[in-house]
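Trainee: I would like to go through the labels used for this model and ask what stands behind each of them.

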Amino acid sequence: MAASCVAVLLTSLSLPLLLLVAYKRWRRGCAARHVMVVVLGDVGRSPRMQYHALSLAKCGFSVTLLGFCNSKPHDELLQSDRIQIVSLPELQRLAVGPHILQYGVKVVFQAVHLLWKLMCWEPAAYIFLQNPPGLPAIAICWFVGCLCGSKLVTDWHNYGYSILGLGHGPRHCLVLLAKWYEKICGRLSHLNLCVTNAMREDLAENWGIRAVTVYDKPASFFKETPLDLQHQLFVKLGRTYSAFRACSEPLDPASERSAFTEQDARSGTVTRLGGRPALLVSSTSWTEDEDFSILLAALEKFEQLILDGESLPSLVCVITGKGPLKEYYSRLIDRKRFQHIQVCTPWLEAEDYPLLLGSADLGVCLHKSSSGLDLPMKVVDMFGCCLPVCALDFQCLHELVKHEENGLVFEDAEELAAQLQMLFSKFPDPAGKLNQFRKNLQESEQLHWDESWKQTVLPLVMDM
């Protein structure tokens with residue numbers, strides 16, 4: 001705690017010097033083709049802001065991306081000569097003291113360091129900011145924009161106060177303060193983007209903020225995975241996770257086999273194994289807005305159906321991601337004694353995640369939205385890979401998941417278990433519902449992120 005307090009004190013004392021240095025720099029004006037993209041979170045786990053940065057770079061802008069560098073971003077971002085990633089220091093939560101004090105120290109620390117980075121870097125024509133988290137970032141980015149003439153673009157992914165309310169309750173003083181802050185400071189942006197029409201309407205009616213809906217779209221690398229690349233991925237993951245390893249040896253000892261595929265030693269041809277397990281995938285940040293006990297309960301019911309003699313395949317269930325509740329759910333999973341279901345919880349490299357989605361048979365989404373107004377990016381990525389989805393229902397999910405068209409919507413574990421039974425009955429039946437959903441996705445001709453961004457965001461930016 002002492003080290004953290006000293007850090008906050010030193011950064012606060014350096015503020016007058018910072019403002020003096022910054023004033024001299026800002027007098028030079030901002031660079032017309034330079035954009036700052038700001039994420040007060042892990043850059044590697046902020047795909048939409050990575051996509052903004054990539055699209056801006058492809059349109060000729062130089063981009064400085066500020067955020068925490070805990071996870072590796074996608075290779076395309078790292079390889080771009082127009083994008084520079086600048087790491088922000090992350091203050092770990094204090095171990096002692098009232099929660100409101102801990103939160104206050106964190107906000108002051110982040111405010112000073114973000115101000116320092118923004119002012120000491122090349123001035124930008126535009127600042128793209130992810131919200132949440134918007135406290136203290138909205139006010140800091142607006143202040144910097146006032147000094148140098150930068151236009152502030154706030155991209156509303158959700159409401160920060162609603163996420164804070166999951167842990168503290170909606171009437172907690174911190175939650176009420178965060179809501180007031182977002183409502184007041186959210187109006188300071190020159191342009192507001194949001195992820196759903198429902199959020200756009202809510203911002204207009206309850207916050208007095210005009211926003212433009214920019215739906216999440218999959219990046220170009222989210223697509224169906226060719227069978228040979230599926231095999232390579234399964235073999236690679238099998239070195240670490242037993243669920244991907246073959247249960248029996250191939251007839252030809254020189255051939256290579258995974259739990260799902262086999263590669264002929266002579267021709268190199270890859271085929272799917274007969275009687276292979278079905279591959280079910282979910283991804284999560286392991287936070288309070290996703291209840292994985294629903295999936296575990298559904299898997300228990302599915303297992304019982306197999307034990308009762310139903311014609312169903314074994315399952316490999318892969319749940320990817322990092323987050324605060326991962327250890328809690330890992331302990332719950334370890335207590336299960338599944339005979340026909342294997343569950344593994346890897347953290348995948350950025351390049352392997354699209355390959356896994358493009359290799360899977362079904363995706364499951366348990367996102368329920370703290371505000372009821374955002375949509376799960378994971379489903380967008382799954383659809384980009386033509387992967388059918390079963391998704392937990394909430395207020396605006398219909399803007400993305402079309403029930404009985406590209407997937408199914410469920411309310412509880414009982415309904416999810418029934419859907420798994422129906423979709424995997426006689427698996428892998430080419431005439432089954434699962435393949436019909438996949439065919440619908442293949443024929444839907446979805447726009448990818450770059451095409452959508454050029455049609456919606458770029459004209460708005462150029463008109464500012």
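Predicted model: local features only at pLDDT ≥ 70, side-chain atom pairs only at ≥ 80, totals over all residues.

Trainee: How do you know how many disulfides the structure has?

Mentor: A search of the whole structure finds 0 disulfides. For Cys-69, the nearest cysteine sulfur belongs to Cys-141 and is 16 Å away. A disulfide needs two cysteine sulfur atoms within 2.5 Å, so Cys-69 is in no disulfide.

Trainee: What makes the sulfur of Cys-146 too far from the closest cysteine sulfur for a bond?

Mentor: The closest one is in Cys-148, at 9.0 Å.

Trainee: Which label does His-172 get, and why?

Mentor: His-172 has 27% relative accessibility, and because this lies between 20% and 50%, His-172 counts as partly exposed. Its place is in the loop between helix 7 (160–168) and helix 8 (173–185). His-172 and Pro-459 are 287 residues apart in sequence, and their C-alpha atoms are 41 Å apart in space.

Trainee: What makes the peptide bond between Pro-132 and Pro-133 stand out?

Mentor: That bond is cis, with omega at about 0 degrees. Pro-133 sits in the loop between strand 4 (124–131) and helix 6 (137–148). Another cis peptide bond runs from Phe-427 to Pro-428, where omega is near -5 degrees. The place of Pro-428 is in the loop between helix 15 (413–424) and helix 16 (433–443).

Trainee: What is noted about the backbone of Lys-426?

Mentor: Lys-426 is not a glycine, yet its phi is positive, at about 60 degrees. Lys-426 also lies in the loop between helix 15 and helix 16.

Trainee: Is Lys-426 buried or exposed, and how do you know?

Mentor: Its relative accessibility is 61%. Exposed means over 50%, so Lys-426 counts as exposed.

Trainee: Where does Ser-369 lie, and why is it called buried?

Mentor: Ser-369 lies in the loop between strand 14 (362–365) and helix 14 (377–384). Its relative accessibility is 9%, which is under 20%, so Ser-369 counts as buried. Ser-369 has a positive phi near 70 degrees, and it is a residue other than glycine.

Trainee: Now the whole chain. What radius of gyration does the protein chain have, and why does it agree with a compact globule?

Mentor: With 464 residues, a compact globule would have a radius of gyration near 23 Å. The protein chain has 24 Å, so the two agree. The C-alpha atoms fill a box of roughly 75 × 45 × 45 Å along the principal axes.

Trainee: How many helices and strands does the chain have, and what part of its residues is buried?

Mentor: The protein chain has 17 helices and 16 strands. Of its 464 residues, 53% count as buried.

Trainee: What is known about its contacts and charges?

Mentor: Among contacts between residues at least 6 apart in sequence, 71% join residues at least 24 apart. There are 44 positive and 49 negative side chains, and the centres of the two sets lie 8 Å apart.

How values were computed: Residues numbered from 1 in each chain as written. Heavy atoms only, no water. Helix = DSSP H or I, 4+ residues; strand = E, 2+ residues; numbered from the N terminus. Rg over C-alpha atoms; globule rule 2.2 N^0.38 Å. Buried < 20%, exposed > 50% of the residue type's maximum accessible area, 1.4 Å probe, protein only. Contact = heavy atoms within 4.5 Å. Lys, Arg positive; Asp, Glu negative; His and termini not counted. Charge placed at Lys NZ, Arg CZ, Asp CG, Glu CD.
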